[in-house]
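My notes follow the structure.

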Amino acid sequence: MFQLDRLPEQFAHFYTPLFARKLLVTAVELTGRLSRPGFTQPGCVAEELLLRLLLAEAEATLDLYGLLDDGVEDALVSFRENVFEDLDHELLYEPAMDGIDQDPAAAVLGIAPMSVEDWFTPFDFGSVVHPYAAGSATGRE
């Protein structure tokens, strides 16, 4: 749960105990899928954010132990470039882009709903999101 501090700051008031539990379940589901054959791309914004945090933590740990050579760094870059369908979730770290998903042009660009309420909503019918976490991130407990 220390990762809550590394999520977009402007949404911190939404990071409730319910949100933290959903995030934890989503993290367990995501890391489980990463370790099984046939991994599929992240199925919701929360999974994209968690995978972003996981990759940053992996890179920092590899660097700390002197294991981040050019080959490993190239592999991480390649993984990042291929694991995400797009990088829309990165816009959440840009406060100036807040609400971009509400712009009519966003639909044309294919930007997924990015409000915190939608972070655990599957992107489409083929997306996998744990049933406990699926739905609104800000629902009442």
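Entry 1. I noted that the model is predicted, so local features need pLDDT of at least 70 and side-chain atom pairs pLDDT 80 or more, while totals for chains, interfaces and linings use all residues. Residues are numbered from 1 along each chain as its sequence is written, and side-chain values use heavy atoms, without hydrogens and water.

Entry 2. I looked up the secondary structure and found four helices and zero strands. Helices are DSSP runs of H or I with at least four residues, strands are runs of E with at least two, and both are numbered from the N terminus. I read the pattern along the sequence as α-α-α-α.

Entry 3. Of the 141 residues in the protein chain, 33% are buried. Buried means under 20% relative accessible area, exposed over 50%, and partly exposed in between (1.4 Å probe, protein chains only).

Entry 4. I checked the length of helix H1, residues 17-34. At 1.5 Å a residue its 18 residues should span 26 Å, and the end C-alpha atoms are 25 Å apart, which agrees. The expected span is 1.5 Å times one less than the number of residues.

Entry 5. Which residues of H1 are buried? I listed them, among them Leu 18, Phe 19, Leu 23 and Leu 30. The buried residues of H1 pack against H2.

Entry 6. I found Tyr 65 in the loop between helix H2 (45-64) and helix H3 (70-83). Tyr 65 counts as exposed because its relative accessibility is 60%.

Conventions: Contact = heavy atoms within 4.5 Å.
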